[in-house]
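User: I'd like to learn how to read a model like this one, feature by feature. Can you walk me through it?

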Amino acid sequence: MSENPKPQKEEQPERPTTVQTFVSQYEKYYGLSVLIAVVSIITILIIAADECRTCFNKLEEAQGINGEGLKTYWVYGRNVESGYLRHVFKILDSLGYKNEPNSTNWDLLWAHDYPFRKLYPVLSNLRPHQRVNHFPGCGYITNKVDLAVSKLKYIPPAFRLPEDKEEFLRYATTHPSASFVQKNNDHRNIKVKNVSDIELDSEGTFVQEFVDRPLLVSGHKFDIGIYTIITSLDPLRVYIYNGDALLRFCPVKYYPFDPQNLDKYVVGDDYLPIWQIPALDYYYNDLGFGMRESLNAFLRSKGQNPQKMWDQIEDAIRTLALAKEPRIVDVVNKFKSKHNFFEMMRIDFVVDEDLNVYLLEANMSPNLSSAHYPPNQLLYEQVLYNMMGLLGLGERVRKDSLAVRLQSEEDMIVSDKQLATFPKECSSVVCKSSCVSPVCQLCRPCLSWETREDLVRAYKEHVNRGECKRIFPPSQLNPGSDVNLEEYSAENQLHYRWFLGKCQLDSTWC
Ligand SMILES: Nc1ncnc2c1ncn2[C@@H]1O[C@H](COP(=O)(O)OP(=O)(O)OP(=O)(O)O)[C@@H](O)[C@H]1O
């Protein structure tokens with residue numbers, strides 16, 4: 001034995017066979033491949049995650065979430081910088097909106113001018129939550145000629161010239177005591193004329209019977225402007241701002257009447273404001289009544305019943321909206337969804353000595369600037385505030401966008417039980433077995449998705465209506481509204497019935 005043993009001979013590896021070489025090579029490359037695959041998958045995942053984040057950001061952007069927690073609006077109109085929309089901006093600001101001039105992701109477009117021709121590519125493809133303050137085709141109501149010659153109840157007879165010249169002359173012959181005003185589309189410079197002075201061949205004009213014997217206050221003729229909001233077409237829902245009305249007086253006393261003196265019978269830009277009318281001074285200036293209540297108090301003091309006048313005004317608005325609805329719907333149908341649009345206009349009336357009401361004009365973008373008459377600021381802001389509330393543009397639930405977020409939030413605001421009506425009928429055998437009967441159509445199993453959505457909107461409007469009053473569907477308590485369901489479209493009949501059902505459960509819906 002040697003003391004220093006030789007280190008054992010290292011075991012020599014066995015020399016590999018061809019197959020073994022192949023397997024070993026394969027394992028080497030396989031390991032590498034797995035490594036490459038794993039690295040690739042991780043890379044793909046990282047890129048995908050990043051993409052997802054971008055997508056999500058884009059989605060948020062598309063929904064109008066701007067990270068600052070503010071809803072956004074966009075303005076369309078000429079010379080907006082001059083400030084005539086100041087009160088609109090103020091209300092939007094207080095409701096948590098910010099102006100986004102360069103974005104397409106706005107929640108609300110406030111258009112002072114008719115926007116649908118110039119902005120058709122944008123407005124024909126709106127996202128569900130985006131709202132615009134006009135309906136495409138609203139001109140069927142607000143265009144002066146269209147309105148005047150529509151031969152509707154409450155509108156003084158009017159004739160398009162030169163087309164209806166013969167008809168006009170026949171009318172003038174059979175109504176020898178009538179006098180007329182000739183107007184054009186811009187309506188300016190109207191003047192009472194004898195039939196012989198009317199320019200019968202003047203293109204683009206119309207002639208309208210003049211409402212004589214107007215109701216006077218302190219000797220002044222006046223008109224009444226009613227702020228009217230159409231929230232939906234097909235089914236139709238129309239509201240008025242019921243907190244007040246705009247009363248504008250002619251600057252010069254009506255009698256002795258002189259057709260040459262327009263200040264006696266035309267309410268112009270420099271009208272006499274209510275706070276300068278002696279007979280209303282106590283009600284308006286001392287008691288703090290609004291314009292509407294001041295007039296009511298004045299009429300009552302003369303032994304007249306003002307309700308006669310307001311009932312006719314509501315009926316006139318209802319009649320007008322119902323008559324024009326189908327034509328506006330035809331235009332709206334060229335757009336992606338009718339639910340993007342609403343309308344707020346001011347409809348002007350004159351009243352005669354017997355409190356008969358005449359509808360003269362519907363202004364598409366009524367003046368909301370108090371620059372000329374600063375005390376009107378409160379009226380304009382209250383009209384806007386109540387209108388925004390009604391339309392859900394100033395919801396109580398704080399949102400970054402008008403886009404719907406959580407279903408649970410929506411359910412909290414309105415769920416099936418709020419929409420349920422006619423409990424007895426809906427649990428009857430008839431409604432259990434079929435949806436044919438008109439009332440059964442409102443029971444939950446029979447409600448289409450689209451109808452349910454309409455009812456959700458109607459419900460929200462009712463609870464958010466503030467000082468707005470529903471004019472259509474008409475109140476079931478209003479004796480002035482003789483409802484003839486046959487004259488309504490199927491959608492409007494269904495909607496009317498639902499309001500009737502709500503009214504039977506809770507009188508605030510009547
Ligand atoms: N047919 C009529 N009968 C009696 N008065 C009329 C008639 N048409 C117009 N007027 C008077 O002339 C005023 C202005 O007419 P209208 O509203 O038709 O035109 P406008 O110049 O566009 O007015 P606005 O400033 O209200 O837009 C009315 O407020 C009313 O006092």
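**Reading the model**

Analyst: Strands here are DSSP runs of E with at least two residues, helices are runs of H or I with at least four, and both are numbered from the N terminus. Before going on, note that this is a predicted model, where local features need pLDDT of at least 70 and side-chain atom pairs count only at pLDDT 80 or more, while totals for chains, interfaces and linings use all residues. Residues are numbered from 1 along each chain as its sequence is written, and side-chain values use heavy atoms, with hydrogens and water left out.

User: Which strand pairs with strand 15, and in which sense, parallel or antiparallel?

Analyst: Two strands count as paired if DSSP finds at least two bridges between them. Here strand 11 (residues 237-241) is the partner, antiparallel, over four bridges. Strand 15 itself covers residues 468-472, and four of its five residues are buried. Buried means under 20% relative accessible area, exposed means over 50%, and partly exposed is in between, with a 1.4 Å probe and protein chains only.

User: How many helices and strands does the chain have, and how much of the chain is buried?

Analyst: The chain has 16 helices and 15 strands, and 47% of its 510 residues count as buried. For contacts, the rule is heavy atoms within 4.5 Å. Taking contacts between residues at least 6 apart in sequence, 70% join residues at least 24 apart.

User: What covers the buried residues of helix 8?

Analyst: Helix 8 runs over residues 291-301, with eight of its 11 residues buried. Met291, Arg292, Ser294 and Leu295 are among them. The cover includes strand 9 (216-217), strand 10 (220-232) and strand 12 (246-249), as well as helix 7 (278-286), helix 9 (307-332) and helix 10 (377-390). Just after helix 8, glycine 303 has a positive phi of about 80 degrees.

User: How do I read a salt bridge, and how many does the structure have?

Analyst: The test is a side-chain nitrogen of Lys or Arg within 4 Å of a carboxyl oxygen of Asp or Glu. A search of the whole structure gives 21. Take arginine 78 and aspartate 113, whose closest N and O atoms are 3.0 Å apart. The two sit 35 residues apart, arginine 78 in the loop between strand 1 (71-76) and helix 2 (86-94), and aspartate 113 in the loop between strand 3 (108-111) and helix 3 (120-123). Arginine 78 is exposed at 61% relative accessible area, whereas aspartate 113 is buried at 15%.

User: Which salt bridge involves lysine 144?

Analyst: The one with glutamate 361, at 1.9 Å from N to O. This pair connects helix 5 (residues 144-148) to strand 14 (residues 357-363), 217 residues apart. Both lysine 144 and glutamate 361 are buried.

User: What about arginine 248 and aspartate 348?

Analyst: Their side chains form a salt bridge at 3.5 Å, N to O. Arginine 248 is in strand 12 and aspartate 348 in strand 13 (residues 343-351), so the bridge ties together parts 100 residues apart in sequence. Arginine 248 and aspartate 348 are both buried. They also belong to a salt-bridge network with Asp223 and Arg346.

User: What should I look for in backbone torsions?

Analyst: Most residues other than glycine have a negative phi, and most peptide bonds are trans. Now the exceptions here. Leucine 161 and proline 162 are joined by a cis peptide bond, with omega about 0 degrees; proline 162 is in the loop between strand 5 (158-161) and helix 6 (165-174). Another cis peptide bond joins phenylalanine 472 and proline 473, with omega about -5 degrees, and proline 473 falls in the loop between strand 15 and helix 16 (490-505).

User: Which residues other than glycine have a positive phi?

Analyst: Asparagine 79 is one of them, with phi about 55 degrees, in the loop between strand 1 and helix 2. Aspartate 234 is another, with phi near 50 degrees, in the loop between strand 10 and strand 11. Aspartate 234 is partly exposed, with a relative accessible area of 25%.
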